[in-house]
Amino acid sequence: MDQTPVRDDGLQLEEHREFQESFWRVERIAWIGFGCILLLAVLGLTGSSGYFARQALAFEGGLVEIPRFSRWQASDTLHVSLAAGDGDKRLALTSAFFQTFQVEDIEPPPLFTEGEGDGTVYHFKSPTPQPLALTVHVRSQRPGSVVYKVSVNGEPMRSVRTIVWP
């Protein structure tokens with residue numbers, strides 16, 4: 001009968017040292033990979049929140065905060081602050097936005113919506129001459145990178161890119 005040799009420390013064990021060392025190497029590489037994924041999530045590169053998760057576009061007539069990264073079929077928001085003043089206030093989005101995102105709700109609701117050129121214009125009116133804060137709730141309909149344009153109060157359109165993770 002073949003017996004397992006006795007080690008120097010007195011234990012009679014059969015070791016597969018080469019397999020164990022290669023397993024440790026793979027395990028350490030996986031730890032580094034998981035650490036990188038965690039770091040990307042903390043920075044906001046996976047969507048939801050974090051330093052790099054949102055981007056802001058400043059216009060003379062307001063500020064638009066748009067997600068830089070979003071998740072497929074997850075709810076997200078656009079925050080829009082329209083400058084103070086009386087008169088018609090507008091938010092315009094091109095059709096490329098609507099090919100990827102579905103608008104679920106706008107708070108406060110627009111007075112009316114109209115199609116204009118290559119997109120949609122939402123018209124708002126504030127009862128006071130205060131800045132108007134809007135929240136647009138959207139849901140992404142397909143993964144990928146989408147480039148669309150945004151405008152506030154008839155100013156020139158500005159291009160934006162949002163990456164939608166699967």
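In these legends a residue is buried if its relative accessible area is under 20%. The model shown is predicted.

**Figure 1. The edge-to-face pair of F97 and Y148.** At 0% relative accessibility, F97 falls under that 20% limit and therefore counts as buried. Y148 is likewise buried, its relative accessible area being 2%. The rings of F97 and Y148 form an edge-to-face aromatic pair, with 5.0 Å from centre to centre and 70° between the planes. This pair links distant parts of the chain, since F97 belongs to helix α2 (residues 95-100) and Y148 to strand β10 (residues 144-152), 51 residues apart. Ring pairs join F97 and Y148 with F98 and F101 in a cluster.

**Figure 2. Surroundings of Y148 and the nonpolar core.** The largest nonpolar core comprises 25 residues, and Y148 is one of those with the most contacts inside it, together with I66, F124 and V150. When neighbours within four places in sequence are left aside, the contacts of Y148 are I66, T94, A96, F97, F101, R158, S159, V160 and T162. R158, one of these contacts, places its charged end over the ring of F59, at 5.2 Å from the ring centre.

**Figure 3. Polar contacts of T162.** T162 is located in strand β11 and is buried, with a relative accessible area of 0%. Its side chain makes a polar contact with the side chain of Y148 at 2.9 Å. A polar atom of the T162 side chain also lies 2.9 Å from the backbone oxygen of P67. Apart from neighbours within four places in sequence, T162 is in contact with Q55, I66, P67, R68, S70, F101, G144, S145, V146 and Y148.

Figure 4. A search of the whole structure finds 7 aromatic pairs. F69 lies in strand β3 (residues 69-71) and W165 in strand β11 (residues 158-165), so the pair ties together parts that are 96 residues apart in sequence. F69 is buried, with a relative accessible area of 10%, whereas W165 is partly exposed, at 34%.

**Figure 5. H123 in strand β8.** H123 is found in strand β8, which covers residues 119-124. The relative accessible area of H123 is 4%, and the residue is therefore buried. A polar contact of 2.7 Å connects the side chain of H123 with the side chain of E114. With neighbours within four places in sequence left aside, H123 is in contact with D88, K89, R90, P110, L111, F112 and E114.

**Figure 6. Helix α1 and the residue that follows.** Helix α1 spans residues 17-43 and contains 27 residues. From first to last C-alpha, helix α1 reaches 39 Å, close to the 39 Å expected at 1.5 Å a residue. Just after helix α1, G44 adopts a positive phi of about 95°.

Notes: Residues numbered from 1 in each chain as written. Predicted model: local features only at pLDDT ≥ 70, side-chain atom pairs only at ≥ 80, totals over all residues. Heavy atoms only, no water. Helix = DSSP H or I, 4+ residues; strand = E, 2+ residues; numbered from the N terminus. Buried < 20%, exposed > 50% of the residue type's maximum accessible area, 1.4 Å probe, protein only. Polar contact = N/O pair within 3.5 Å; in protein donor to acceptor, adjacent residues only side chain to side chain. Contact = heavy atoms within 4.5 Å. Expected span 1.5 Å × (residues − 1). Core = buried A, V, L, I, M, F, W, Y, C linked by side-chain atoms within 4.5 Å. Phe/Tyr/Trp six-rings, centres within 6.5 Å; stacked < 30°, edge-to-face > 60°. Lys NZ or Arg CZ within 6 Å of the ring centre and 35° of its normal.
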